[in-house]
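Q: Can you walk me through this structure? I'd like to start with whatever the database flags.

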Amino acid sequence: MPYKVETFIKNIAINVGEGPHWDPETQTLLYVDPKAGNLHRYNTLTKIDEMRHYDDNTSLIVPRKSGGYVITDGLNISHLDWESGVRTVLASVDQGTRNVFNDGKCDASGRLWAGTMGYMEKPVFPEMEVASLYTLEKDLKVNRHLDKISLSNGLAWTHNNTKMFYVDSMPREIWSFDFDLETGNMTNKQVLVKCPKDTIKTLGYPDGMTSDVDDKIWCAFFEGSCVIRYDPETGQEISRINFPTSQITSCCWGGKNFDELYVTSGHVNITDDQAGSVFRVTDLGTKGRPADVFLG
């Protein structure tokens, strides 16, 4: 695959760049640096990166159709008014635990999916099987869909919304489910990709994920220096994008034609020249679809 990788925003993450979301209305790239408590909004027209800092773990940011953004901060799902910086809590989960929210995104019906992760004293060793996967419905009701999760991560769907894909990073697996968009129900869990035990030092851990217009899924690998494109029917690797830093965390489609893949990375205890950068990949021979926003 004759792809091109370029450093789009160099060394921007203090800890771990995560959760990229392309906003086509403003041509901005939203992303987060959770442990640093930073939310970023990079305007590709002005080349200005705005940031909001909070003292909580800020692990996702998605536009809200009614205005502003929906974010996670600690164990809260909140509304954020960017201009004032004011946060308003919409829902809270996992009270009484040391969990925090991690990755999340919206499905085509406008509900927000967000998962938690166990307390992590050092990468990559969270408390095991104490977290969950939740939805925040458009009426602001919270539903729990999966439990005994360790490190909730990437989410993706097929274009017809009959299949959903999900990553729990610690078993190093990508799961597939039959999916009902109207109800949000997930059934018929299958292990689509199981990383071999002997690849942990070379491939690391599956992390954030997206899908393309051909319904193939793209998964970032933390400590694996790559994003891998998989066939969602067989689980077989189709192609691989290599990066000049190891902690590749997530990816999303953007650009005017959604044919640019934006890829975030971490900066945890590594000193290479590109750590914590956001990358842009072009010439991939496919493209993505606009990311969904929260309709609640």
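A: UniProt, in an unreviewed entry, lists Glu-18, Asn-153 and Asp-207 under "binding site". UniProt positions follow the numbering used here, feature names are shortened, and annotations may be inferred rather than shown by experiment. The three are spread over 190 residues of sequence, yet they cluster in space, with a largest C-alpha distance of 10.4 Å.

Q: What ground rules apply here?

A: This is a predicted model: local features need pLDDT of at least 70, side-chain atom pairs count only at pLDDT 80 or more, and totals for chains, interfaces and linings use all residues. Residues are numbered from 1 along each chain as its sequence is written, and side-chain values use heavy atoms, with hydrogens and water left out.

Q: OK. Where is Asn-153 placed?

A: Asn-153 is in strand β14, residues 152-157. Helices (H or I, at least four residues) and strands (E, at least two) are DSSP runs, numbered from the N terminus.

Q: Is Asn-153 buried or exposed?

A: Asn-153 counts as buried because its relative accessibility is 2%. Buried means under 20% relative accessible area, exposed over 50%, and partly exposed in between, with a 1.4 Å probe and protein chains only.

Q: What does Asn-153 touch?

A: Setting aside residues up to four places away in sequence, its contacts include Glu-18, Asn-102, Asp-103, Tyr-166 and Asp-207. Contact means heavy atoms within 4.5 Å.

Q: And Asp-207, where is that found?

A: Asp-207 sits in strand β18, residues 205-211. Asp-207 is buried, with a relative accessible area of 6%. Beyond residues up to four places away in sequence, Asp-207 touches Glu-18 and Asn-153, among others including Cys-219, Phe-222 and Ile-248.

Q: What joins the side chains of Asp-207 and Asn-153?

A: A polar contact of 3.2 Å. That term means a pair of N or O atoms within 3.5 Å; within protein, one must be able to donate a hydrogen and the other to accept it, and residues adjacent in sequence count only if both atoms are side-chain atoms.

Q: Zooming out, how many helices and strands does the protein have?

A: One helix and 24 strands.

Q: How much is buried?

A: Buried residues make up 59% of the 296. The protein exposes about 12,400 Å², and carbon and sulfur atoms supply 47% of that area. Accessible areas come from the Shrake-Rupley method with a 1.4 Å probe; for residues, only the protein chains shown count as cover.

Q: New topic. How many aromatic pairs does the structure hold?

A: There are 10. In one of them, the rings of Phe-8 and Tyr-42 have centres 5.2 Å apart and planes at 70°, so the pair is edge-to-face. Rings of Phe, Tyr and Trp (its six-membered ring) pair if their centres lie within 6.5 Å; planes under 30 degrees apart count as stacked, over 60 as edge-to-face and the rest as tilted.

Q: Which parts does that pair tie together?

A: Phe-8 lies in strand β1 (residues 4-9) and Tyr-42 in strand β4 (residues 38-43), so the pair links parts 34 residues apart in sequence. Both residues are buried. Together with Trp-22 and Tyr-262, they form one aromatic cluster.

Q: What about Gln-27, where is that placed?

A: Gln-27 is in the loop between β2 (18-23) and β3 (28-33). Gln-27 is buried at 14% relative accessible area. Its side chain reaches the backbone oxygen of Pro-24 at 3.1 Å. Leaving aside neighbours within four places in sequence, its contacts include Trp-22 and Tyr-42.

Q: Backbone checks: which peptide bond is cis?

A: The bond from Pro-123 to Val-124 is cis, with omega near -10°. Val-124 is in the loop between β11 (112-117) and β12 (131-136).

Q: Which residue has a positive phi of about 55°?

A: Asn-188, although it is not a glycine. Asn-188 lies in strand β17, residues 186-194, and counts as partly exposed at 41% relative accessibility. Asp-215, not a glycine either, has a positive phi of about 65°. Asp-215 is in the loop between β18 and β19 (217-222).
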